[in-house]
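Visitor: I have a model open and want to learn how to read it. Where shall we begin?

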Amino acid sequence: MGPILLALALAVLAWLLVVGDLVRRHRPAWHWYLIGYPVTACRVVLTWRKVAVLNDLAVSRRPPRGLLGDLVVKGDPVRPIAPRASFPRATRLGLTVTVRLHAGQTPATYMKAADALVHAWRVHAVRVTSPERGLVLLSAMATDPLQRPGLATAPTELLSALIGALENGGAWVMNLRLVPHWLIAGATRSGKSTLLARLVTQLAPQRVALVGIDCKGGMELGLFAGRLSALATCRREAVAVLSALVVDMQERMDACRTAGVRSIWELPDKLRPVPVVVLVDEIAELYLSDGTRESRAEAEQCSTLLLRIAQLGAALGLHLVVAGQRVGSDLGPGVTALRAQLGGRICHRVNDPGTAEMALGDLNKDAVAVAQAITPEERGVAVCTGPDGGWSRARSHLTPTDEAVATARKFAGMTPELPAIVRAFSALEGESK
């Protein structure tokens with residue numbers, strides 16, 4: 001009887017292991033709620049005090065002292081007291097713990113202890129945020145949600161593009177109405193071009209004008225030429241396009257002033273000009289100079305025109321999406337001034353700390369460190385900012401080139417004509433003749 005029971009027990013165990021592995025691979029959320037969360041929650045509760053003491057998160061009360069004649073009599077030995085933490089609360093693929101800070105503590109101390117919490121709780125990562133004064137929120141993720149991101153969904157809105165998935169499982173959305181201008185940094189093969197292709201496929205069906213500036217001869221943005229209202233493939237053409245957009249911007253100002261409104265969005269639908277999204281690939285090509293007078297003049301013109309559009313374009317329906325491998329102060333003061341106007345930031349893997357610092361350093365130092373930790377294998381993974389001023393790791397949905405090209409061709413009939421740019425290119429052709 002004993003061997004039969006043993007064999008039956010082993011068979012049941014093997015079945016549970018097989019079923020558990022299938023559930024973990026195909027229904028990771030179910031596996032987490034049924035098995036992962038209870039085990040991890042117990043580990044958090046049991047290790048919290050020890051982790052807090054070892055990582056200087058606990059504080060010691062001052063021991064009682066009394067004076068007896070000339071002798072100082074001390075009380076009990078100093079006992080460190082760990083901060084009060086809530087019971088772990090389950091999320092879809094992780095958990096959160098709310099901690100009440102001791103007097104004098106700051107969230108920075110907990111950020112330094114994040115790696116220790118990762119190892120103690122045996123999770124993929126721990127993010128530290130402060131939802132209100134005196135509290136920190138520890139968000140633990142059981143696995144890397146960006147390894148196999150699901151296809152997140154988001155409502156379709158004008159000038160809004162579903163780019164991918166955030167680390168918390170939510171939708172990664174670029175909403176140009178909320179954040180009008182964006183900076184995208186990333187080394188070669190980091191996912192920058194894929195993100196631009198995804199953006200084009202999302203904006204192509206919408207009633208917007210797309211203008212491309214690709215001074216690498218149009219190798220990247222030229223694929224979507226059918227849906228672009230204009231494409232500049234050299235800096236001379238870029239100056240003409242940007243100058244035309246500034247003229248168009250002035251005309252929009254006049255229309256708003258005549259109607260007594262502050263933005264084109266307050267104009268009646270019949271009078272509202274079409275929104276324009278300017279896609280700039282490899283921003284460095286607009287700022288670099290070979291030392292000649294003509295080259296320096298073109299670079300200065302590009303710098304001035306981009307800055308004017310960034311400063312004044314949001315209310316007038318002109319939006320910038322600027323991408324580049326290298327975005328540093330060595331390109332000149334114009335880049336630094338432009339960066340200050342680009343509220344949305346996306347940083348893929350970069351080759352130098354300076355670019356990550358330029359992209360995210362003025363927003364959050366921790367985001368810079370996370371961006372620099374992105375590996376070459378994590379193509380499409382980036383650190384992005386949100387409309388609330390926070391940041392998150394995210395991954396763009398893979399959009400094959402042929403799919404993006406097909407989408408651009410499909411909606412080529414929706415490409416609006418921008419008269420100012422048409423006049424500018426006609427003038428260029430006249431000069432070349």
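Guide: Begin with a loop. Leucine 159 is placed in the loop between β9 (135-141) and β10 (160-166). Keep in mind that this is a predicted model.

Visitor: What is the phi of leucine 159 near?

Guide: The general idea comes first. Most residues other than glycine have a negative phi. Now the case here: phi of leucine 159 is near 65°, a positive value in a residue other than glycine.

Visitor: Is leucine 159 buried or exposed?

Guide: Its relative accessible area is 0%, so leucine 159 is buried.

Visitor: Where does glutamate 282 lie, and what is its phi near?

Guide: Glutamate 282 is in the loop between β15 (276-281) and α7 (284-287). Its phi is near 60°, again a positive value in a residue other than glycine. Glutamate 282 counts as buried because its relative accessibility is 7%, and the cut-off for buried is under 20%.

Visitor: Now the sheet. How do I read strand pairing?

Guide: Strands of a sheet pair through backbone hydrogen bonds, either parallel or antiparallel. In this model, an open sheet of 10 strands shows mixed pairing, in the order β11-β10-β19-β18-β17-β12-β16-β15-β13-β14. Its edge strands are β11 (171-175) and β14 (228-232), and each pairs on one side only. On average, neighbouring strands of this sheet are turned by 25° against each other, direction ignored.

Visitor: In which sense do β18 and β19 pair?

Guide: Antiparallel, over five bridges, with β18 covering residues 381-385 and β19 residues 391-396.

Visitor: Which strands does helix α10 touch?

Guide: Helix α10 (residues 353-360) packs on the sheet and touches β12 (182-185), β17 (344-347) and β18. The direction of α10 makes about 155° with that of β17. Helix α11 (residues 365-372) lies across β17, β18 and β19, and runs at about 30° to β19.

Visitor: Last, the aromatic rings. How is a pair described?

Guide: By the distance of the centres and the angle of the planes. A search of the whole structure gives one aromatic pair. The ring centres of tryptophan 32 and tyrosine 37 are 6.3 Å apart and the planes are at 65°, so this pair is edge-to-face. The cut-off for edge-to-face is over 60 degrees.

Visitor: Are tryptophan 32 and tyrosine 37 buried or exposed?

Guide: Tryptophan 32 counts as buried at 6% relative accessibility. Tyrosine 37 counts as buried at 17%.

Visitor: What sits over the ring of tryptophan 265?

Guide: The charged end of arginine 177, at 3.9 Å from the ring centre.

Technical notes:
Residues numbered from 1 in each chain as written. Predicted model: local features only at pLDDT ≥ 70, side-chain atom pairs only at ≥ 80, totals over all residues. Heavy atoms only, no water. Phe/Tyr/Trp six-rings, centres within 6.5 Å; stacked < 30°, edge-to-face > 60°. Buried < 20%, exposed > 50% of the residue type's maximum accessible area, 1.4 Å probe, protein only. Lys NZ or Arg CZ within 6 Å of the ring centre and 35° of its normal. Pairing = 2+ DSSP bridges. Helix = DSSP H or I, 4+ residues; strand = E, 2+ residues; numbered from the N terminus. Axes fitted to C-alpha atoms, helices over the stretch in contact; angles between N-to-C directions. Contact = heavy atoms within 4.5 Å.
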